[in-house]
Amino acid sequence: MIVQHEAQIEPSSRFEILENLEKLGVNPEMLDQLSIPALNHLLKTLQKAASSSSVQSRPGRRKSHELSRVVSPADKKILKALLSSTGGVSSLTLSKELDIPLSTVQRRRKRLEANLLEMSYTLKVERFGWRTATLFISTRNGMTAAVGKEILSWKDSVSCVSRTMGENSIDLKADIVFKDNEELVETIGRIKAIEGVEKVSWTEQIRAVGHNNNLISYILDKI
């Protein structure tokens, strides 16, 4: 009889093992004294227990422990530093400023950026002579989705379209770019001409008053 064993790819470094253990809810800072074989054994044991628990759980039941897991004090420090710097700070700088080991910063930063942070580049269109405005659109006859898709297909003026809800008749929010008032009026006219559009209003940001970084601390401190 030939017995076939399924090939398993094991973590190849201490960093990778600790990263996998952290995903299972283990605080890696408590494992500094363990050797790589001991860490591997612990990881396999926990993975086996997690797999067994998953099989016994009811089908369709979502696991929420990964996202609702308590954020550690170190995580909060890293999050605050990243958000205040808009992500443009090196892990080495964070390690020095927060007095956290570089390997810990690198590991936790990777997980936080993957699960809790949204990062994207935004083109400063005003540097090229463009202006931006937000349009608020009311629709009728259940045409909201169709109207939104039509507006989003305009590659020459629309950057983003979102569905909205609240104590008003606004169904869609569209962010647009334009060169001058004449182009703005033209875009609004095009939207009003779409079947299902009832009303369009708009607003243009003149300047930012400021950013409330205290809100970030408030939210993180409540976790």
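Tutor: Asp-75 counts as buried, because its relative accessibility is 3%, under the 20% cut-off. Keep in mind that this is a predicted model.

Student: Which residue does Asp-75 form a salt bridge with?

Tutor: Its partner is Arg-111, and the closest N and O atoms are 2.9 Å apart. Asp-75 belongs to helix H4 and Arg-111 to helix H6, so the bridge ties together parts 36 residues apart in sequence. Arg-111 is buried as well, with a relative accessible area of 16%. A network of salt bridges links Asp-75, Arg-108 and Arg-111.

Student: How many salt bridges are there in the whole structure?

Tutor: The search finds seven. One of them joins the side chains of Lys-80 and Asp-221, at 3.3 Å from N to O. Lys-80 is in helix H4 and Asp-221 in helix H9, 141 residues apart. Here Lys-80 is partly exposed, at 28% relative accessible area, and Asp-221 is partly exposed at 48%.

Student: How should I read the sides of a helix?

Tutor: An α-helix has 3.6 residues a turn, so residues three or four places apart point the same way. In H4, which covers residues 73-84, the buried residues include Ala-74, Ile-78 and Leu-82.

Student: What do the buried residues of H4 pack against?

Tutor: They pack against helices H5, H6 and H9.

Technical notes
Residues numbered from 1 in each chain as written. Predicted model: local features only at pLDDT ≥ 70, side-chain atom pairs only at ≥ 80, totals over all residues. Heavy atoms only, no water. Helix = DSSP H or I, 4+ residues; strand = E, 2+ residues; numbered from the N terminus. Expected span 1.5 Å × (residues − 1). Buried < 20%, exposed > 50% of the residue type's maximum accessible area, 1.4 Å probe, protein only. Contact = heavy atoms within 4.5 Å. Salt bridge = Lys/Arg side-chain N within 4 Å of Asp/Glu carboxyl O.
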